[in-house]
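I would ask you to look at the sequence and the structure together as I speak.

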Amino acid sequence: MRGLCRDNRPARPTGRLILYHLASLRMRAGTATDPPTILITRGVQARLLELLGFDETRRRWLDTSNPMCEIRV
């Protein structure tokens, strides 16, 4: 896969490279009328999410019942 390394040479997506590129993903909080949105800043992030089988168009709502969720205002 191209785009994982700085020199744009083909490389296998290792766990370290995947986490490095996905670490900068951000999510815009949703409202009553607008669902949360994943803010993808680089094409390699979109490609990795596709390879992982993640559908970024599917609506997701924050599960506040989960103790691991942290809501920042």
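Among contacts in the chain between residues at least 6 apart in sequence, what percentage join residues at least 24 apart? In this model, which is predicted, the figure is 33%.

Let us turn to the overall layout. The chain holds 2 helices and 2 strands, and along the sequence they follow the pattern α-β-β-α. Of the 73 residues in the chain, 19% are buried. The chain exposes about 6100 Å², and carbon and sulfur atoms supply 54% of that area.

Next, please consider helix α1, which spans residues 15–22. Its buried residues are Ile18, His21 and Leu22. The face of α1 turned away from the buried side carries Arg16, Leu19 and Tyr20, which are exposed.

Against what do the buried residues of α1 pack? They pack against α2, residues 43–51.

The largest nonpolar core is made up of 8 residues, namely Leu4, Ile18, Leu22, Leu25, Ile38, Val44, Leu48 and Leu49. The elements that give two or more residues to this core are α1 and α2. Of the elements, α2 gives the most, with 3 residues.

Technical notes: Residues are numbered from 1 along each chain as its sequence is written. This is a predicted model: local features need pLDDT of at least 70, side-chain atom pairs count only at pLDDT 80 or more; totals for chains, interfaces and linings use all residues. Side-chain values use heavy atoms; hydrogens and water are left out. Buried means under 20% relative accessible area, exposed over 50%, partly exposed in between (1.4 Å probe, protein chains only). Helices (H or I, at least four residues) and strands (E, at least two) are DSSP runs, numbered from the N terminus. Contact means heavy atoms within 4.5 Å. A nonpolar core is a set of buried Ala, Val, Leu, Ile, Met, Phe, Trp, Tyr and Cys residues joined through side-chain atoms within 4.5 Å. Accessible areas come from the Shrake-Rupley method with a 1.4 Å probe; for residues, only the protein chains shown count as cover.
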